[in-house]
Every structure is written in C-alpha cells, then in structure tokens.
Amino acid sequence: MKKNSVLVNSVRFITLVLAQVFVFNNIDFMGYLNPYPYVLFILVFPFNANRSLYLCIAFLTGLTLDMFGNSGGMHAAACLTIAYFRPIALRLTFGVSYEYNAIKLPNVSFYERLVYISSLVFVHHLVLFSLEVFNISSILYILKKTLFTGIFTSILCLIFNILFSSRQE
C-alpha cells in the first residue's frame with residue numbers, strides 16, 4: 001500500500017511545528033542552545049515537488065513559527081532562504097543523482113545525509129540569528145550562536161531522520 005504523500009507531509013508538519021512550539025522553544029541552555037528541528041520538514045519535503053509550491057510551503061512553515069513565537073518574520077525569512085538554496089545543496093551533496101531525481105534520503109549514506117542536513121541548518125541559523133540580533137558589531141555572538149545551535153539542531157535532525165524514515169530499496 002502506497003502512503004498518501006499529502007497526509008504524510010501534513011502529519012510531519014503538524015508534529016514538527018507542535019514539538020517546536022511546546023518542547024524545543026522551551027529549551028535554552030546558556031543562551032546558545034535552542035534547537036530548531038522544525039527545519040527537518042523543509043529539508044525532507046519531496047525533492048520532486050513543484051518548486052513554487054515548495055517555496056510557498058517553506059514560507060508558511062516559517063510564518064507559522066513566527067505567529068506562535070511572535071518573532072516578526074525571522075523564521076519565515078530563514079525558511080524561505082533554505083528552501084531557495086536547497087537545490088544547490090542537493091546538487092553539491094548528491095551530484096548526478098540529484099540531476100536524475102534518483103535521491104531517496106533514507107537510502108543515501110550517513111555522510112551525505114550529514115552534509116546535506118548540516119549545511120542547510122547552518123544557513124538557516126545564520127539567517128535567523130542575523131535577523132534576530134540585526135547588529136553587525138555582534139557578529140561573534142551571531143557566529144557562536146549559529147555554531148552551537150546548528151550542531152545541536154543538526155544532531156537532532158539526523159536522529160529524527162534516522163528514527164522516523166523507512167528504508168525503501
């Protein structure tokens with residue numbers, strides 16, 4: 001039986017957004033570690049989906065987080081940025097496989113998955129924290145927060161991706 005893609009993505013969206021709002025937004029360790037695993041929804045969204053639809057969904061994902069967190073569009077801008085750069089990250093990470101739409105994230109090696117997820121997570125966090133601070137004199141704070149939170153978020157996203165993905169050979 002084939003899974004209904006719309007239902008699966010809807011459940012994934014609701015689960016990740018609710019987990020972000022009610023669990024992960026309440027984690028703040030020493031001012032630097034606040035994970036944002038909701039970006040996993042944008043990263044694992046079907047690679048062959050309509051690009052315009054994908055950009056709209058990424059924007060709405062960020063806007064939903066902005067509404068819950070009263071953050072003024074920072075998440076929407078960061079999500080739209082990684083949605084825009086995802087084809088570049090896919091091409092750099094997977095090469096020819098991306099060109100032929102032969103990528104299934106559960107079937108790629110751990111290293112490729114790590115590179116793909118962490119590169120887009122760090123771009124997301126850099127944009128998010130740059131907009132949050134919005135002061136060039138605080139660049140070291142932005143980079144430090146991006147590094148620590150990016151590592152933590154990447155680890156969480158990898159764990160969630162490995163645990164909740166089924167191998168399809």
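## A lone salt bridge

A salt bridge here is a side-chain nitrogen of Lys or Arg within 4 Å of a carboxyl oxygen of Asp or Glu. By that rule the structure holds one: the side chains of Lys-145 and Glu-132 meet at 3.1 Å, N to O. Lys-145 sits in helix α7 (residues 139-163) and Glu-132 in helix α6 (residues 110-133), so the bridge ties together parts 13 residues apart in sequence. Helices are DSSP runs of H or I with at least four residues, numbered from the N terminus.

Lys-145 is buried at 9% relative accessible area, while Glu-132, at 34%, is partly exposed. For these labels, buried means under 20%, exposed over 50% and partly exposed in between, with a 1.4 Å probe and protein chains only.

## What this rests on

This is a predicted model, with pLDDT of at least 70 needed for local features and 80 or more for side-chain atom pairs, while totals for chains, interfaces and linings use all residues. Numbering runs from 1 along each chain as its sequence is written, and side-chain values use heavy atoms, with hydrogens and water left out.

## Thr-149

Helix α7 also carries Thr-149, which is buried at 0% relative accessible area. Setting aside neighbours within four places in sequence, Thr-149 has contacts (heavy atoms within 4.5 Å) with Tyr-32, Leu-33, Asn-34, Pro-35, Tyr-36, His-125 and Phe-129.

## Helix α4 and its kink

Helix α4 (residues 74-94) has 21 residues and spans 29 Å from first C-alpha to last, close to the expected 30 Å (1.5 Å times one less than the residue count). There's a kink of about 45° at Phe-85, shortly before Pro-87; the bend is the angle between axes fitted to the seven residues ending there and the seven starting there. Just after α4, Gly-95 takes a positive phi of about 60°.

Note on methods: Helix = DSSP H or I, 4+ residues; strand = E, 2+ residues; numbered from the N terminus.
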